[in-house]
Amino acid sequence: MSALEIENLDVWFGTGAERTRAVRDVSLSVATGESFGLVGESGSGKSTILRAVAGLVPTWSGRMTVAGETLGKTRSKAFYSKVQMVFQDPYGSLHPRQTVDRVLSEAMQLHGVRDIDARMGRLLDDVGLGAGFRFRFPHQLSGGQRQRVAIARALACKPQILLLDEPTSALDVSVQAEILNLLVDLRREHGLTYVMVSHDLGIVGHLSERIAVMKEGALVEVLGVDEMRRLEAQSPYTRHLLESSIRSIR
Amino acid sequence: MTDDAPLLDVENLWVRFRTRTGMFDAVRGLSFTLGRERLGIVGESGSGKSMTGRAMLRLIRPPGMIEADRLEVHGEDILALPEKRMRALRGGRISMIMQDPKFSLNPVMTVGQQLIEALRAHERVSPSVARERALATLDEVAIREPERVLGLYPHEVSGGMGQRIMIAMMLLPDPEILVADEPTSALDVSVQLQVLEIIDKLVRDRGMGLMFISHDLNLVARFCDRIMIMYAGRIVETCKASDLARARHPYTLGLLNSVPDLEHPRDRLEVLQRDPAWREAPSVSART
Amino acid sequence: MSTLQSVRHWLLTEEPTSRRQARLAAWYKAWLTLRGNTLAMLGLAVLIFLILAAIFAPLLATHDPFAQDLGARLLEPGEDGHIFGTDSLGRDIYSRLLYGARISLYIVALVVMVAPLVGLIMGTVAGYAGGWLDVVLMRITDIFLAFPRLILALAFVAALGAGIENAVLAISLTAWPPYARIARAETLTIRNSDYIHAIRLQGAGPLRIVTRHIWPLCISSLVIRVTLDMAGIILTAAGLGFLGLGAQPPSPEWGAMISEGRQYILDSWWVATIPGLAIFSISLAFNLLGDGLRDMLDPKEDT
């Protein structure tokens, strides 16, 4: 059973003459335990696909199946315990008036976790934050620390699938490395399935096994990370993207 | 002022802010010169790189303070200049392009109005001559249909085009020095290269000096002649771009190693271990 | 370290170790911001002074505010033990001022308890729900916004008779729409934040999201707006009193006092002016405090 199956997904915004199609007839599937990357430039629809899966987009058509459950207009509680999302902007993903403790305990409460205090310590440890961070407010945390809290929140209910929407693009390069390492570690420890969106081919190549390339809402091609590393791509657009990404001088 | 004099001459630059909890030093004792070359300034957030760029144009408002033993733009001491003369310098001698054209172009003026205003602030030209020059500069930044673009508003152009318009606007009054603060960070990868090529060509053709501020070490290495790496308000290393692979300071190496490389995969990315000694060590001079 | 210092240190710590400490620390830091604003502190001081004066009016008053002494009419301030003089019926103005403070604060308290709360609920529900509910609630808001306050008060007086409670009712009914608008505008912005998306993804329902996540963020704008509106509300109440629609004589309401003193303004300026200065002070105090609160509560982060 695959973790995520998308068939003929169409997402649009606006009505009538002003309708813009953000995602056009996209089909892809992600196996359980796989790390799948979605790459494209701005406006390619990659983030929109993630949001459609998460239920944050009202106007879509097609078929989406997550861990065997077909998705409808709204998402069920069961869905939320299987799928979680980490957002791009660390400065917008935490409620400015809530402590880390509040954010994580509310998440656990909503999922019916009993021993919140005990799990809290382990959650914070899992993401590399000590107990001293538990009662801080977001403005007392750096960007990297906030993103760790966001990851902890996503892990609170022990999900199977993590949707990652450019989780490191707003972070400094050195902090990014820490978060990427953390994501790799967490996936190994908890056997998670990742669907990760990025515009950066280096990051996607580091974290993903298979990568889908998007352009203007449509799926251009899906290739394996090895092919990508050898710069072997079928589509000229993918080749163009690969050539444009700045390669390291080392 | 011979042509050998550096375009920018900075010695012991400090930029400080008085805050509720004491004095905050954003830039601590920076020294460098800029000739007719491309100088890259690389650092993470909080390193003071943007403040350095702004200090060159004396764009730091109170409670910020600029102090330096020497801060000269082609021989003129910026710290001593009256504001009126400084305004003539800004744009006329030294210009700045910023990261996001969404925020640096005036949303309620057309592109043409902004370009013409930029030129007429520095030169006495008639509106029609200004318009001609604007069209010519738009052509230089590879904008097709410049007449049509003159009548557009900033929200009607794409990010890459907006950035090129910004470049045109800043280069119209013919400055000698261009400070580019993360000019391509908000752009898509394929557009980035295009914009960089345009900047490169213009800087070369006009014999300008370019100060390229970025967080992306690899980008700067490909694009600049010389690089300064900043950390905590100081320069920790300076080298020629071609020598970057042989950098020695642990911070520079850490920055290089923490970026995932598509062609050379690694299991774990190296995590920068910040040594407090880096903050305390004196700034390396990048004067030539 | 002395106890005071150690408490301060505990409050200013970067690593709080309990929920209570975190919350108290946040309040303390907010208080420090307010304390740094001299004008706001001045406003706060004036307000506290007035509140205390109102509470302790019986102790502070020199005379009975209702006692008439026609032999001591229109005495100048300072004459014969009357700090602010007497009015046209020989009543001590100073004492009437103190008791009048009670009335003003009473009106303010009533309005503050009703209007912002109604506005908050209407605005956040409309903003979060969107769709037809938003349209309906906002049109209702528009209807109430269209009522001119004083005319509505006149209508109430005509229907229900004059009195403070009716005046307050009239003011409250017209005061809540702006709060609804503010709350709705904030909600529309907040609704699209990633942290709201995130909590939805945890399975939170709309009620929890609106009351526990959106309200805390709207409250600061509302508090600021309320404080700044206080001046207007007091002036409206005074205006109603001036027109004879609010507190009825012999009640020492400040607006009514100004009205009574109008005819004597050329010769006995103090009868109208002193209550006027009192209204001015309390309005100014609320305004200064409101500005200070805005700096304190506005969640602008220094990133």
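Predicted model: local features only at pLDDT ≥ 70, side-chain atom pairs only at ≥ 80, totals over all residues.
In this talk, contact means heavy atoms within 4.5 Å. Residues are numbered from 1 along each chain as its sequence is written, chains are lettered from A and ligands numbered from 1 in the order in which they are written, and side-chain values use heavy atoms, with hydrogens and water left out.

I begin with chain B. Chain B has eleven helices and eleven strands; these are DSSP runs numbered from the N terminus, helices being H or I with at least four residues and strands being E with at least two. How does the radius of gyration of chain B stand against that of a compact globule? For 288 residues a compact globule would have a value near 19 Å, and chain B, at 19 Å, agrees with this. The radius is taken over C-alpha atoms, and the globule rule is 2.2 Å times the number of residues to the power 0.38. Along the principal axes, the C-alpha atoms of chain B fill a box of roughly 60 × 50 × 40 Å.

Of the 288 residues in chain B, 55% are buried. Buried means under 20% relative accessible area, exposed means over 50%, and partly exposed lies in between, with a 1.4 Å probe and protein chains only. Among the contacts of chain B with a separation of 6 or more, 69% are between residues 24 or more positions apart.

Now to the sheet of chain B. Six strands form an open sheet with mixed pairing, in the order S7-S8-S9-S3-S10-S11. Two strands pair if DSSP finds at least two bridges between them. Strand S7 (94-97) and strand S11 (234-240) of chain B each have a single partner strand, so one side of each is left without a neighbour in the sheet. From one strand to the next, the twist averages 20°. Angles run from 0 to 180 degrees between N-to-C directions, and axes are lines fitted to C-alpha atoms, for helices over the stretch in contact.

Strand S10 (residues 226-231) of chain B is antiparallel to S11(B), and six bridges join them. Within this pair, Arg226(B) has Lys240(B) as its bridge partner. Helix H1 (residues 49-56) of chain B lies across S3, S7, S8, S9 and S10 of that chain, and runs at about 150° to S9(B).

Strand S1 (residues 4-13) and strand S4 (residues 60-66) of chain A are antiparallel, over six bridges, and Leu4(A) is partnered with Val66(A) in S4(A). S4(A) is also joined by two bridges to strand S5 (residues 69-70) of chain A, again antiparallel. In that pair Thr65(A) stands opposite Thr70(A). The hairpin of S4(A) and S5(A) has two residues between the strands, and Ala67(A) takes a positive phi near 50° there.

One residue of chain A brings us back to chain B. Gln176(A) is placed in helix H6 (residues 173-190) of chain A and is buried, with a relative accessible area of 8%. Leaving aside neighbours within four places in sequence, Gln176(A) is in contact with Thr168(A), Leu171(A), Ile203(A) and Pro260(B).

I turn next to the cores. A nonpolar core is a set of buried Ala, Val, Leu, Ile, Met, Phe, Trp, Tyr and Cys residues joined through side-chain atoms within 4.5 Å. Which residues of the largest nonpolar core touch the most other members? Of its 71 residues, they are Ile107(C), Val111(C), Ile214(C), Trp254(C) and Ile282(C). Helix H10 (residues 206-242) of chain C supplies the largest share of this core, 14 residues. Apart from it lies another core, of 60 residues, including Val157(B), Met166(B), Leu217(B) and Ile229(B).

Ala183(C), in helix H8 (residues 164-191) of chain C, counts as buried at 1% relative accessibility. Beyond four places in sequence, Ala183(C) is in contact with Gly119(C), Leu120(C), Gly123(C), Thr124(C) and Cys218(C). Met138(C), in helix H6 (residues 131-146) of chain C, is likewise buried, at 5%. Not counting residues up to four places away in sequence, Met138(C) touches Gly123(C), Ala126(C), Ala180(C) and Arg184(C).
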